[in-house]
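Subject: Structure handover

Hello,

Here is the structure we talked about. Please open it and keep it on screen while you read.

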Amino acid sequence: MNVFVAVLWKDLVCEWRSRDRVVAMLVFSLLVVMIFHFALPSDVAAENQASLPGLLWIAYVFAALLGLNRSFALELENDALSAMALAPVERGWIFLGKAAANFILFGLVQAITAAIFALVFRMGLLSIALPLMGVIALGSLGITALGTLFAAISVRTRFREIMLPLLLLPLLMPVLIGAVSATSALLRTGSTPFHNIQLLIVTDLSYLIFSFLAFDHVLDE
Amino acid sequence: MTPAHSPTPPSPSDTAHWSERATAAVLVLLSSVYAWSVASAPLDRVQGVIQKILYVHVPCAFAAYLGFALTALFGALYLARRQEIFDKLALAAAEVGVVFCTLVIITGPIWARGTWGAWWTWDPRLTVTLLLWFVYLSYLMLRAFTDGGERTARFAAVYGILGLLTIPLNYFAIDLFGGSAMHPENLERGSLGTGMGLPFLIGTLTAFAAFAHLLVLRVRVEFLRLACARAAQDREDLELLAGRTTKENPQ
């Protein structure tokens, strides 16, 4: 448990001192939002709000891939990753610490992106802000759980920037389907059917538990 | 000039292991029966001759599922026991599985075009099959892009197990997303006409025999590769050693 707090604290302090990861993710996701604006016909926001939740989650996934790649790449400096592997602690807690730090940083980026997204596409998000935050947190939990595990794998491969999306995207499908349908339902009706949330919770839990157990085999021996 | 502890590089004459001969014999025998039984199977009243693609499509799907299940199983065994043979088996099962999955994805649209009038629909089963194909392509790429045998084996085992675990989740998710179920029902619900059961059964056995034969060949290739790498390493060591001795005694 102490390991969890130590790793989480270390990652947050690192980010606070450099602030490079959050800024990079944020600028990137806002750029993606801007590209959507030019890629879509101009009346899409007014006429057809149905495609917006999907676009929002695409921007989230792109930003997440960027941040997750950095999460373990920075451990390569001074070979900190080997030191982590040598530490006589339960490795699952190291994973949880890294995942929690990613979750917090990613959540920050998600909140700002959602606000800007709502402004430029004229989506009424304020009235559903609380349930929407819940849905986004559940979706982001799945993305960071699996993403942290795969970031630890891909950082030890050649072409690590390419390897992470190749590994992550196919297995992220249930999370994305649950998150996009829950967000769409929220936008349309103001509430979301329970089976979407159920899917997200089941997926998140299974990914978290599996990653916690598998992380032992992912760090070098 | 190979030292005693290393395996001798294999000569071309001793390549066929008994398991290869056995699986090849079974495969040849079964495929002739298979060809005959498909040719003599009754024509479907509604779909006509195109229905016979079922005898290729579904057995290939079974073989692909078998391959992916074995990949996860051997991956788990590798993580538990750390024996190289399990890793080689997992790799072979994944590669052969991808071959069969590709056949499924090729034969499916041919049938769909003739029957539904469209090459592809986002039916849950089609989507999951496509996703499976992507997962195992990523698995093979992960292996190709990781250096170091032991590390590759660990990473691949973790990914292979996770790939299998997510299939039920994906199926449920896509079903929930409102994919229309156009794909024919499972066979145990009796969607097979009279006289179609036998060629189907023989087709499945043939696909499994082909799977076993390819698996055995693929594992053999891995071991030959390993032996070659060891032999090359030994030769390098010897040359290094010889170079050092000539330097020390120039005469």
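Below is what was found, one region at a time.

The model is predicted, not an experimental structure.

Start with helix 4 of chain A. It has 25 residues. From its first C-alpha to its last it reaches 38 Å, close to the 36 Å expected at 1.5 Å a residue.

Now find its partner. Helix 4 (residues 52-76) of chain A packs with helix 7 (residues 129-154) of chain A. Their axes are 9 Å apart, and the angle is about 45°. Helix 4 of chain A is therefore oblique to helix 7 of chain A. The crossing of these two helices is right-handed.

Which residues make the contact? Helix 4 of chain A brings Val61(A), Ala64(A), Leu68(A), Asn69(A), Ser71(A) and Phe72(A). Helix 7 of chain A brings Ile143(A), Gly147(A), Thr148(A), Ala151(A) and Ala152(A). Sorted by class, the contact of helix 4 with helix 7 of chain A has seven nonpolar residues, four polar residues and no charged ones.

An α-helix has 3.6 residues a turn, so residues three or four places apart point the same way.

Next, look at the backbone. You will find Asp79(A) in the loop between helix 4 and helix 5 (80-86) of chain A. Is Asp79(A) buried or exposed? Asp79(A) has 10 C-beta neighbours inside 10 Å, so it counts as exposed.

Arg19(A) sits in the loop between helix 1 (2-18) and helix 2 (20-39) of chain A. Its phi is near 55°, a positive value in a residue other than glycine. Arg19(A) is exposed, because 10 other C-beta atoms lie within 10 Å.

**Helix 8 of chain A**

Helix 8 (residues 160-171) of chain A has 12 residues. It reaches 17 Å from first C-alpha to last, close to the 16 Å expected at 1.5 Å a residue. Its buried residues are Met163(A), Leu164(A), Pro165(A), Leu166(A), Leu167(A), Leu168(A), Pro170(A) and Leu171(A).

What do the buried residues of helix 8 of chain A pack against? In chain A, they pack against helix 4, helix 7 and helix 9 (173-189). In chain B, they pack against helix 4 and helix 5.

**Where the chains touch**

That leads to the contact between the chains. It takes 25 residues from chain B and 24 residues from chain A. On the side of chain B that touches chain A, helix 4 (124-145) and helix 5 (149-176) of chain B each supply at least two residues. Helix 5 of chain B gives the most, with 15 residues. By class, this side of chain B has 18 nonpolar, five polar and two charged residues.

**A loop in chain B**

Last, find Ile50(B). Ile50(B) is in the loop between helix 1 (18-40) and helix 2 (54-81) of chain B. Ile50(B) is partly exposed, because 15 other C-beta atoms lie within 10 Å. Leaving aside neighbours within four places in sequence, Ile50(B) is in contact with Trp111(B), Gly114(B) and Thr115(B). Ile50(B) and Trp111(B) are 61 residues apart along the chain, yet their C-alpha atoms are separated by 6.4 Å.

Best wishes

How values were computed
Residues are numbered from 1 along each chain as its sequence is written. Chains are lettered from A and ligands numbered from 1 in the order in which they are written. This is a predicted model: local features need pLDDT of at least 70, side-chain atom pairs count only at pLDDT 80 or more; totals for chains, interfaces and linings use all residues. Axes are lines fitted to C-alpha atoms, for helices over the stretch in contact, and angles run from 0 to 180 degrees between N-to-C directions. Helices (H or I, at least four residues) and strands (E, at least two) are DSSP runs, numbered from the N terminus. Angles under 35 degrees count as roughly parallel, over 145 as roughly antiparallel, 65 to 115 as roughly perpendicular and the rest as oblique. A crossing is left-handed if the near helix is turned anticlockwise from the far one by less than a right angle, and right-handed if clockwise. Two residues are in contact if their C-beta atoms, placed from the backbone, lie within 7 Å. Ala, Val, Leu, Ile, Met, Phe, Trp, Tyr, Cys and Pro count as nonpolar, Asp, Glu, Lys and Arg as charged, and the others, Gly among them, as polar. The expected span of a helix is 1.5 Å times one less than its number of residues. A residue is buried if 20 or more other C-beta atoms lie within 10 Å of its own, exposed if 12 or fewer, and partly exposed in between; C-beta atoms are placed from the backbone.
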